[in-house]
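Here are some friendly notes to read beside the structure. Take them one at a time, and find each residue on screen as you go.

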Amino acid sequence: MKLPITEATANAAPPPAPLARAASQVVQRDASPTVQKDASMDRQKAMLAGYFSELAHARETGRKVVYTFVPGNLTELIRAAGALGVYPEVNALQSAMRQRSDGFVREAERLGHNEDVCSYVKCDVGMLASGNIGPTGEKLPPPDLLLLSYTGCFTFLKWFELLQKEYGCEIAMLHVPYQADGTVTEDMRRYVAKQLATEVIPKLEKVTGRKVDLDELAELLRRSGRAEDDLVWVLDSAKSRPSPIDAYFGGVYYVGPIFTAFRGTEDCEGYYHDLRGEVAARLARREGPVMPNGVLAEERFRIVVEGPPNWTHFRDFWRIFYDEGAVVVASSYTKVGGLYDQGFRHGQDRDPLLSLADYCLGCYTNHSLTARVELLSSYVRDFGADGFVINSLKSCNSFSVGQLVMMREVEKRTGVPGGFIETDLVDPRYYSQANIKNRIESYLQMIAQRKASA
Amino acid sequence: MALFVGIDLGSTTSKAVVLDEREGILGKGLTNTRSNYEVAATVAREEALDDARLALLGRGLAERIGPETDRLTAELRRAWVVSRCVERLHALGARVAQNAEKGGSPTDAKAVRSLFEAIEGEADRVFAPLAEDRSRFFRDVVSARFFADATEAAQRGALSYEAAVNAYDQAIVAVENEEAPLPAQARIGTALARARLEPKERTLLEDAWRGLDEKALEVGRYVGTGYGRQLLPFPKEQIRSEILCHGLGAHALYPETRTVLDIGGQDTKAIQLDPKGLVLNFQMNDRCAAGCGRYLGYIAEEMNLGLHELGPLALSATRAVKISSTCTVFAGVELRDLLSLGERRENILLGLHRAILLRAMSLLSRSGGVNEQLTFTGGVAKNAAVVHELRALVEEHYGARTINIHADSIYTGALGAALFAKRGGGEGLPVAKRPKRAAAAPPVGS
Amino acid sequence: MSSNVTEADEIVRRCEALYADLSLSAVKSWQASHPGRPAIGLLPIYVPRELVHASGALPVSILGGGDQIDIVKGDACFQSYICHLPRSTVELGLQGRLEALDGFVFPSTCDVIRNLSGIWQLLFPGKYVRYLDLPQAMDPSTGGEFYRRDLEALGAELGRLPGGNAPTTESLATSVRLYEENRRALATLRQLRAEAPWLVPLDESYLVVRAGAVLDVEEHTELVRAYAAAATRRRRKAEDRIRVVIAGAFCEQPPLGLLRTIERSGCYVVDDDLFLGARWIQPTEAEDRGDPLTSLALAYLNRSVVASTRYQPDGLRGEDLVRQVREKRADGVIFAAPSFCDPALLDQPPLQKALGEASIPFITFKYAENTGQFQAIREQAGTFSDSIKLWGEG
């Protein structure tokens with residue numbers, strides 16, 4: 001793949017006026033106490049607000065509501081059935097960023113859920129028990145269908161069993177086999193596609209009363225593919241020095257629309273077109289990423305990160321990296337909703353159901369540890385990283401089990417030492433700023449020492 | 001010539017090491033961290049600088065009088081430590097009496113004053129051990145003595161034990177947190193007067209003191225490390241992580257070290273080094289403090305033992321009881337459970353020590369194992385049972401390996417920091433803020 | 001063998017020795033008497049052992065190191081918030097105690113076992129490591145078809161191992177029959193325990209079932225039958241204890257001490273889900289003359305036990321637990337789940353709700369396979385027993 005820097009000036013659309021203005025504002029570091037943002041972040045925020053409002057009025061507008069998970073989500077199919085998707089993980093992480101997850105988790109534990117289990121589940125159960133008020137403050141509609149696309153995480157299964165017991169609604173289960181040997185076989189593809197045809201689509205149609213038009217679905221998938229091209233370009237821009245983006249803390253915003261309800265929409269396509277322009281402009285100016293405290297002045301470390309972020313202290317966590325001049329140039333978390341950078345695009349296979357099957361099978365946590373090691377090692381090499389950090393989460397066995405072994409393997413393959421920290425998704429009791437700061441700083445100092453002595 | 005100072009602000013103790021330009025250790029300081037890192041840093045630094053001053057004095061003297069120097073400087077050092085303790089004793093005594101007075105009991109205040117006078121009368125006997133044993137602090141010694149005396153006085157009816165202890169508890173915290181050591185120049189007189197020396201010898205030392213080159217005692221650079229390092233008033237370039245400092249310090253003590261295991265109060269670290277002492281990889285314990293020094297602290301409390309008694313007791317065990325959890329939260333429960341089943345205390349203790357080492361072994365394995373010499377540092381390295389288990393487990397899992405444990409291993413981090421101060425770039429002398437001086441009584445004889 | 005009452009003790013002693021033998025001497029002696037034939041390690045919970053058996057290999061269930069092993073390198077691979085079984089299993093592997101095994105099958109039990117398959121690939125390159133994705137879609141045309149083809153592939157792979165033979169229709173039919181007999185013997189023992197638990201203490205029956213982890217199936221079937229027969233002949237009287245069902249211990253196994261503690265605290269355990277893989281497929285009397293591979297696949301779809309690791313909407317698991325309690329005439333349920341076991345722990349709230357609605361009392365605690373102290377459990381189980389005896393009659 002070509003380095004984006006060579007394409008930047010040639011291909012990028014000139015940034016629209018509001019973007020240029022946004023860029024000039026953020027150069028003044030720490031000029032005001034307000035958080036610095038890309039213009040694309042504001043656009044995304046508006047998209048989300050509109051969507052949650054649409055959800056809040058789903059009953060009046062007669063739209064049916066489908067709950068589903070981010071990895072292996074069938075957003076285009078849900079759209080083709082005329083329904084609206086709700087993503088419980090996103091609700092949980094949004095609650096955490098708004099400091100509300102603590103109460104929800106405790107509520108779930110009060111209801112008998114164990115301290116040992118996944119905090120996403122507990123946050124969701126607690127939110128439901130507290131009136132199902134979503135992150136934007138509007139009440140979330142109950143599901144008409146639970147679409148259990150069970151990809152790369154067993155807890156999803158238990159999670160929707162619990163919800164189904166609460167709501168007593170229809171549930172459709174899609175079993176996505178695991179890529180234990182790093183390959184997708186024809187049997188696996190056909191198994192998934194057949195379940196789509198015989199289980200998922202009939203239940204969607206039953207709930208919405210609307211026939212799924214496969215041609216319309218194919219069109220939505222192709223539109224997703226175009227947005228995915230732009231996303232990949234953006235993620236790839238981090239190969240430049242300095243990187244114009246942070247591919248983890250910033251990256252979670254960049255993947256927001258494409259991992260959730262917007263994939264396949266014109267809004268989504270437009271968002272990624274603009275985002276690409278914004279990043280291209282930064283690249284042309286040789287500017288570093290926009291971080292909450294401003295544009296990073298000096299890129300001192302280039303880091304690859306494995307594992308989801310902690311959401312309850314997202315900005316504090318980011319700040320530790322920012323203060324040390326550490327930019328995340330690639331991350332695995334931004335691949336949980338699809339490994340687009342490895343070539344997959346929606347609509348690539350002309351058969352829309354096989355295309356969706358390929359998508360589900362290819363999500364990051366559905367890959368074997370060996371494949372994950374290879375991916376992380378290639379990130380370290382291809383993005384010229386000085387180090388890699390594993391943020392290991394108490395909640396998420398799918399990610400966490402084996403990370404210590406993976407770390408040693410990546411070290412062996414790249415010669416770069418790994419850093420290891422432990423936090424949680426949305427349970428603030430498992431995040432200690434002093435502890436994490438100590439480790440990250442120690443790690444980066446070690447990296448600096450190695451760089452100096454090299 | 002200038003000095004280079006490393007300060008290691010640990011969660012339980014704070015250490016300082018002073019190096020000369022040839023990276024030789026001139027002085028060391030050690031204090032309990034209390035709840036105030038800033039004071040702890042100042043106390044450790046001043047002690048180390050005083051130590052360095054006495055070392056330089058010794059060097060000068062050795063050129064003139066040769067082998068006799070050691071005896072003279074040892075005696076001066078002893079007297080110096082005692083004098084410093086007496087300074088603190090004064091501040092403390094005044095504060096306790098004042099508290100007793102505020103508590104509305106002039107009788108108690110009076111009794112307290114006479115208790116402190118009595119301790120001061122025996123100052124040489126009471127405090128001299130501190131010059132030798134650096135693991136004990138002023139607070140330990142004076143508290144033990146005061147409580148004993150107060151009990152006895154209360155039995156005589158001379159004071160109310162409760163009032164005295166209350167007054168004392170408030171005072172010791174306050175005094176420790178506002179402690180500012182006297183400048184060395186203000187102490188040398190008392191120390192020389194206290195030293196048991198011939199008049200001729202005293203004159204020799206006095207001359208040597210006057211002859212000290214103050215320029216040689218200027219600090220060229222500080223580097224700070226340790227859990228509380230962020231609180232040091234140093235610019236960022238002069239802060240190094242414990243990992244780097246322990247690595248470099250261990251390498252300085254034992255150049256063949258390739259692996260360092262440090263078990264401190266709050267965390268355990270396994271560090272892999274290259275032949276130059278640079279860190280190749282490291283691992284720290286996970287969030288919970290299970291298996292760290294603090295765990296032994298809980299156990300000691302639970303068994304009503306002193307921390308230093310644990311190791312020897314464990315070594316007298318006949319077998320190790322299996323302990324399933326090194327969780328500090330469950331330690332007490334499991335302990336009581338085992339005791340109630342009639343298990344011998346020694347055997348339980350050996351099991352506990354083994355459990356700690358099993359966790360440490362996992363960290364070592366995570367960081368890359370023990371392939372060559374291992375250096376064991378941190379407060380827990382003083383525990384003989386831990387050392388014994390470590391040797392056995394390393395041999396079992398990695399074969400025969402040299403395990404280094406330095407008598408001064410507690411200073412490893414500070415030594416590494418001092419080495420960074422010596423070698424590190426960045427010019428300029430940072431001005432470490434000094435806490436405001438305590439309003440203590442002037443030292444005797446000044 | 002003589003049929004006196006000590007025969008049962010004799011059998012249990014042998015089983016306990018098999019249980020304690022972490023170096024798999026029994027497997028090695030099987031290999032000595034079956035030269036060149038492979039032995040395959042199977043991780044919890046369920047792998048169709050028939051298929052392994054039909055390839056000429058010895059299926060060996062791996063259930064962790066229990067409380068008999070110090071963990072060093074195993075802990076180096078896992079964070080503190082992950083259950084204990086994978087630690088001891090990795091420790092056993094790295095200590096060379098699993099060397100008798102020629103390959104490993106990791107079923108799709110949970111994220112931990114799934115990723116353990118990847119850890120195994122990384123730690124033991126060159127070993128045969130197979131992940132078996134048991135279907136969650138129970139429709140024969142989707143999950144059934146996928147699973148059958150996967151079993152076919154697995155059989156072929158086993159056949160390619162040194163000393164292995166791809167299962168034939170005949171060999172598979174034989175294996176299916178032998179395991180069906182084994183399941184019937186186990187069912188008889190289970191039934192006996194429900195009827196007369198004073199004759200069949202929990203630790204004994206567990207050890208007898210557990211012996212099947214390393215023994216050849218025919219030998220094990222004999223052993224189970226012999227034990228059941230010998231236990232029946234015991235002259236023991238029922239004590240005044242409550243009858244309980246243990247739920248949640250299907251994967252990582254509690255130490256024997258814990259099982260003994262429960263029964264010594266005033267309980268008879270009349271049913272449990274320990275080593276659930278051994279009785280995953282429910283026995284049937286119906287004779288199956290069809291293609292044995294298809295019947296193996298269909299057995300999974302149609303005759304699997306209700307388990308926390310299988311997708312089961314509509315609160316069926318709660319209903320099943322209530323039915324189990326009623327059928328076994330149990331007074332209550334002991335939820336005993338391993339710490340950090342997601343499937344067991346996530347199921348607890350709905351299961352407890354179902355019990356609550358059926359007015360069935362329960363207690364809950366967590367364990368690890370190396371839990372060493374049982375005082376708290378003794379207290380809890382004893383109090384549970386006393387309270388049911390005092391107030392439970394109404």
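1. A word on the model. What you have here is a predicted model, so please keep that in mind while reading, as pLDDT of at least 70 is needed for local features.

2. The largest nonpolar core. This core holds 313 residues. The members that touch the most other members are L77(A), Y120(A), L148(A), W311(A) and I334(C). Another core, of 43 residues, lies apart from the largest one, and I299(B), M303(B), A381(B) and V394(B) are among its members.

3. Where chain A meets chain B. On the chain A side, 27 residues are in contact with 25 residues of chain B. The two chains bury about 2,100 Å² between them, and 45% of that is on carbon and sulfur atoms. R439(A), Q445(A) and Q449(A) supply 27% of the area that chain A buries against chain B, more than any other three residues.

4. What holds a place in that interface. Between chain A and chain B there are 2 salt bridges, and 8 residue pairs are in polar contact across the interface. Helix 19 (403-414), strand 10 (418-423) and helix 20 (433-453) of chain A each supply at least two residues to the side touching chain B. Which of them gives the most? Helix 20 of chain A does, with 13 residues. By type, the chain A side divides into 9 nonpolar, 8 polar and 10 charged residues.

5. Salt bridges within chain A. The whole structure has 100 salt bridges over all chains. In one of these, the side chains of R223(A) and E266(A) meet at 3.5 Å, N to O. This pair links distant parts of the chain, since R223(A) is in helix 11 and E266(A) in helix 14 of chain A, 43 residues apart. Is R223(A) buried or exposed? R223(A) is buried, because its relative accessible area is 17% and the limit for buried is under 20%. E266(A), at 57%, counts as exposed.

6. A bridge between chains. R354(B) and D70(C) join their side chains in a salt bridge of 2.6 Å, N to O. The pair crosses from helix 14 (residues 345-367) of chain B to the loop between strand 2 (58-61) and helix 4 (73-77) of chain C. R354(B) is partly exposed at 21%, and D70(C) is partly exposed at 27%.

7. Most residues other than glycine have a negative phi, and most peptide bonds are trans. Q99(A), though, has a phi near 60°; Q99(A) sits in the loop between helix 6 (88-97) and helix 7 (101-110) of chain A. A cis peptide bond joins R241(A) and P242(A), with omega about -5°. The bond from P44(C) to I45(C) is cis as well, with omega near 5°.

Technical notes: Residues numbered from 1 in each chain as written. Chains lettered and ligands numbered in written order. Predicted model: local features only at pLDDT ≥ 70, side-chain atom pairs only at ≥ 80, totals over all residues. Heavy atoms only, no water. Core = buried A, V, L, I, M, F, W, Y, C linked by side-chain atoms within 4.5 Å. Buried < 20%, exposed > 50% of the residue type's maximum accessible area, 1.4 Å probe, protein only. Contact = heavy atoms within 4.5 Å. Buried area = accessible area lost by both parts, 1.4 Å probe. Salt bridge = Lys/Arg side-chain N within 4 Å of Asp/Glu carboxyl O. Polar contact = N/O pair within 3.5 Å; in protein donor to acceptor, adjacent residues only side chain to side chain. Helix = DSSP H or I, 4+ residues; strand = E, 2+ residues; numbered from the N terminus. Nonpolar A, V, L, I, M, F, W, Y, C, P; charged D, E, K, R; others polar.
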